[in-house]
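Student: I am new to this structure and would like to go through it by question and answer. Please show it first.

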Amino acid sequence: MGQQAHEDIRRRGGAVGDEVAAFVHRLRADRTNRALRLSPLRAAGDNGDLYLAHAGTRCTILLLSTDGGDEMRVLAVREGDRAREELTRLTVEINPVSGAIEVVDQSEVSANVVALPDRTATAAPDRETPRDAPAAPPGTPAGGTTATSSLRPALFARHTDGVLLDLGIIPSLLPALRKVRTEEQFDALLTHNLPELTRDVLLALRDHVEPADVRRHITDQWRSEEDVNPRDWSRAARRAVSQAETDDSAVLGALGKSFDAWRLFLHPEQKRLAVGDFKGSAKVTGGPGTGKTVVALHRVRHLVDRLPPGYSRPVLLTTYNTNLALELQERLGQLGGEELLRRVDVKSVDQLAHDIVEEARVATGRPIEDQTAMDLWHQVIGEAGGSAYDADFLADEFTHVIVAGRCGSWEVYRRIGRAGRPRISTAQRHQVWQLVLAYRALLDGPPRRTTYALIADQAAAIEQSRMARIEELARYKEEQQGRDLIHREAGSGMWLKPRYQHVVVDEAQDLSASHWRMLRAMVRKGPNDIFLVGDAHQRIYGHRVVLGHQGITIRGRASRRLTLNYRTTRQILGSANALIDGTPFDDLDAGTDSLDGYRSVLTGLAPQLWRAPDRTTEMRAVAALVKERHDIHGTPYSAMAVSAPDSATAHEFAAVMAGAPYAIPVVELGRVRVRADHDAVRVGTMHRFKGLEFQRVFLTSVGEGQVPHQRIEQYRLSYPDRYRQEEQRARSLVFVAATRARDELVITWSGRASRFLPEDADATAHRAVELLRSDGPPSGSSGSAVA
């Protein structure tokens, strides 16, 4: 099934999807069945032929047959009395840049795009035309003035045909493209199922991106790694860029129903990474919505497909918290079923570390939650008679410097580097060290307790020791050339082998150095050992870790960036990018990263801004907006989310929405996973929305003093390094929360707008008081984005 066919089915609804699915099942069972009603249309090239087939009473399909009929692909679907005529006039060709099979309806583009009237045309005021005046030329509006569209240059006039073709524009589209002069025509063109490469290039050029940058960020990501023969249909059909994953019969059965193409089809720049072969570790970075997690899931399936038969779980898929690990497990099951899940361990890094320590029977004490750890730090500060450092600073210093740096003594801590942490003197370090000793004494009890950071450090040490024994045994075997090993292997345990063959990591930016040491020791260095995906712009938990310092070396083409956003509209993405524009970020290693070339192919509403005079009015306004989206626009409650800066505020919003007069079903996000079929609005802190996605997101309490929190002001003069770090973390947090929205983003606050919002936010925002007084949103303020 081609991606164009999937889009045709989605646009035409479930009945067409059912007919196509039934046809495909019959075709797969017996392609010689005359009931399929296959009729030749024309030869496509040297080894390809086009066929038409009637899938049902009104549904007709265009198919490409290659390799003498051994392979058949559904290219397009039409319905109705003119279906055959519409399919016959489609242009089917191989893109010379990407090598993809591309389908476009040239006549439809010409009739419905190029021929659009120029609604911005100006005309002279109405007046009587003299009888002896010459006849007006065709297309002249009433009043005698020629439409300005005839004078307006084509939208892409400054780019030659050669430049456009070199960037990957489908050649047969050039004549029509040269006639596009208005934004209305261009927007209409985008709705005509253009090939993805052509669409991406045109969007970038329309936004005045220079051709050299378009080539680097878009075209080169699509460019075929081999020379393209524009008549070799067999080779083109086998390229990943030309096909979707449809071998699973469950996928075929879902066509036209709840089928989500993004779960099954990989963009070319993703596909190459998911099935690529790397000499060692590999890293994929990219902004929100670029499909990093999808790449990780398909990577897992690819690695499992290459395993010999067995019952072990040699592949690890891990992420930074339990909720996301459960989400990954569910999506991996949808991708490959129980057969795939049986060969994969899916765990959070903290759960993995805890299991290792339990397996080794190391006495650690009961792990405490973050809030309990903060309470202990407050106790330490109080017993010390106060401190120049607050609990937040001490907790981060303990986790990301002392534990991560394995500082077992004052001498080690005194000398360790603290890149990315606020600068403190040796004397100040000594004060911190004394507080750390008091904190460790409280943990040691009684009762004996520990933290997840300490457990990860212990697990890393256990795994490093285990891997050292494995390597020692391997060296001994090589030296002895297989002789005299029975006693030695029995003594060391013949079962001793690397815990995993492959490790895949999602949300890599939030893992600590201890986590990376543990993962590095779980798999031997070699081809395809560690595959990680992440984005430093979304780092909201961990401290910067240089992977090269943890034994994870990534070179050359093994480090790639994804730049195409499938989830968030361009309007929402642009607003979110403004939050972190100009702020430096790392690339999860020793280099730097940016969002250059990051773009979306969706278009819709601009984010809405709502200002309230107080917290109560803001909460009631959000409840009214949520209710209106559900009752009038039909958005399921489960497709909406309300986020807040902290748990107390989130709880307040949940209480107002659930109470009278709104009675909105809500569920607060926490450590317990919420069922996907639970139709209730998700409410939680911005941290809790990491890795999730919703149709409509309400980003609340984005007021000055709350985002960022006013407590960071105490560091502005005394600790400027820490002030910058806390502000950057707050920016990343809002960036993450804002990009959870697929169609609509609503931002609310009470009092004065956050410094992160546009300077005129307070003046241009809707007034929440007017919403409540009118018992409904202002005209034109609501509605979903249009993809």
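**Contacts, cores, turns and charges**

Tutor: Counting contacts as heavy atoms within 4.5 Å and leaving out residues up to four places away in sequence, Thr748 touches Trp610, Glu618, Val622, Leu699, Thr700, Ser701 and Val702. This is a predicted model, where local features need pLDDT of at least 70, side-chain atom pairs count only at pLDDT 80 or more, and totals for chains, interfaces and linings use all residues. Residues are numbered from 1 along each chain as its sequence is written, and side-chain values use heavy atoms, with hydrogens and water left out.

Student: Is Thr748 buried or exposed?

Tutor: Buried means under 20% relative accessible area, exposed over 50%, and partly exposed in between (1.4 Å probe, protein chains only). Thr748 has 3% relative accessibility, so Thr748 counts as buried.

Student: How many residues are in the largest nonpolar core?

Tutor: A nonpolar core is a set of buried Ala, Val, Leu, Ile, Met, Phe, Trp, Tyr and Cys residues joined through side-chain atoms within 4.5 Å. In the largest one, Leu317, Leu332, Val344, Trp516, Met518 and Leu519 touch the most other members, and the number of residues is 56. A second, separate core, which includes Ile381, Cys407, Trp410 and Leu454, has 30 residues.

Student: What is the phi of Asn528?

Tutor: Asn528 sits in the loop between α23 (513-520) and β13 (530-534), and counts as buried because its relative accessible area is 7%. Its phi is positive although the residue is not glycine, near 55°.

Student: Which residue in β6 is the bridge partner of Glu93?

Tutor: Two strands pair if DSSP finds at least two bridges between them. Strand β5 (residues 91-94) and strand β6 (residues 101-104) run antiparallel and are joined by four bridges. They form a hairpin with six residues between them, and Gly99 in the turn has a positive phi of about 80°. The partner of Glu93 is Glu102.

Student: How far apart in sequence are the parts that Asp277 and Arg306 tie together?

Tutor: A salt bridge is a side-chain nitrogen of Lys or Arg within 4 Å of a carboxyl oxygen of Asp or Glu. Asp277 and Arg306 form one, with the closest N and O atoms 3.8 Å apart. Asp277 lies in the loop between α13 (268-274) and β7 (282-286) and Arg306 in the loop between α14 (292-305) and β8 (315-319), so the parts tied together are 29 residues apart in sequence.

Student: What separates Arg722 and Glu726 in helix α28?

Tutor: The side chains of Arg722 and Glu726 meet in a salt bridge (3.6 Å, N to O). Arg722 counts as buried at 6% relative accessibility, and Glu726 counts as buried at 19%. Because they are four residues apart in helix α28 (residues 720-738), the separation is about one helical turn.

Methods. Helix = DSSP H or I, 4+ residues; strand = E, 2+ residues; numbered from the N terminus.
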